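Please read the numbered points alongside the sequence and the coordinates.

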Amino acid sequence: FTPSEKMYKVCLRSLGYAGQWNKVLELLNEGEKKLGYTFSADTRMSIMKAAKSLGQIDVIHLMIEQMENGRENGSSLESWPTTQAYTLAIMACSKKGDWKRAIKIMNSMNKGPNGLAP
């Protein structure tokens, strides 16, 4: 039996709301290896929402970086960062007063041929 991405997503979100960030990253990596593909932006968004509620900007930034790396390395379109992901990341930075990181994230939105308009 191999769990589906949806099952991983539920577990990842639960671990995130519990503040278990190392376990989140371990399970995310394990799931992608077992299933053989990069999880969708929606799955990473569930982690990002938990991180935002707990003020974990570093986790949010890591999820954005992973999605951007997937975009640059040819992962499927579903795993690329979305406008909603960038907006959540920028809002989390704003809530923490980290305007420098917010600007960095906004600038990374339109990077490359597959970038998004801010």
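1. The helices α3 and α4 cross in a left-handed manner, a term that applies when the near helix is turned anticlockwise from the far one by less than a right angle, with clockwise giving right-handed. Helices here are DSSP runs of H or I with at least four residues (strands, E, at least two), numbered from the N terminus. This is a predicted model, in which local features need pLDDT of at least 70 and side-chain atom pairs count only at pLDDT 80 or more, whereas totals for chains, interfaces and linings use all residues. Residues are numbered from 1 along each chain as its sequence is written, and side-chain values use heavy atoms, leaving out hydrogens and water.

2. Two packed helices are described by the angle between their axes and the distance between the axes. For α3 and α4, the axes come within 8 Å and cross at roughly 165°, which makes α3 roughly antiparallel to α4. Axes are lines fitted to C-alpha atoms, for helices over the stretch in contact, with angles from 0 to 180 degrees between N-to-C directions; under 35 degrees counts as roughly parallel, over 145 as roughly antiparallel, 65 to 115 as roughly perpendicular and the rest as oblique.

3. On the α3 side of this contact (heavy atoms within 4.5 Å) lie A41, R44, I47, M48, A51 and K52, which meet V59, I60, M63, I64, Q66 and M67 of α4. By class, the residues comprise nine nonpolar, one polar and two charged. Ala, Val, Leu, Ile, Met, Phe, Trp, Tyr, Cys and Pro count as nonpolar, Asp, Glu, Lys and Arg as charged, and the others, including Gly, as polar.

4. The helix α4 also packs with α2, at an angle of about 15° and with the axes 12 Å apart; the two are therefore roughly parallel. Their crossing is right-handed. W21, L25 and L28 of α2 meet V59, L62, M63 and Q66 of α4, a contact with six nonpolar, one polar and no charged residues.

5. Which residues touch the most other members of the largest nonpolar core? Among its 28 residues, they are L12, W21, I47, M48, I60 and I64. Two or more residues each come from α1 (5-17), α2 (21-35), α3 (41-53), α4 (57-72), α5 (83-96) and α6 (99-109). Such a core is a set of buried Ala, Val, Leu, Ile, Met, Phe, Trp, Tyr and Cys residues joined through side-chain atoms within 4.5 Å. Beyond four places in sequence, W21 touches G16, I47, A50, A51, L54, Q56 and V59.

6. Neighbours within four places aside, T43 contacts E5, K9 and L12.

7. L77 lies in the loop between α4 and α5 and counts as exposed, at 60% relative accessibility.

Technical notes: Buried < 20%, exposed > 50% of the residue type's maximum accessible area, 1.4 Å probe, protein only.
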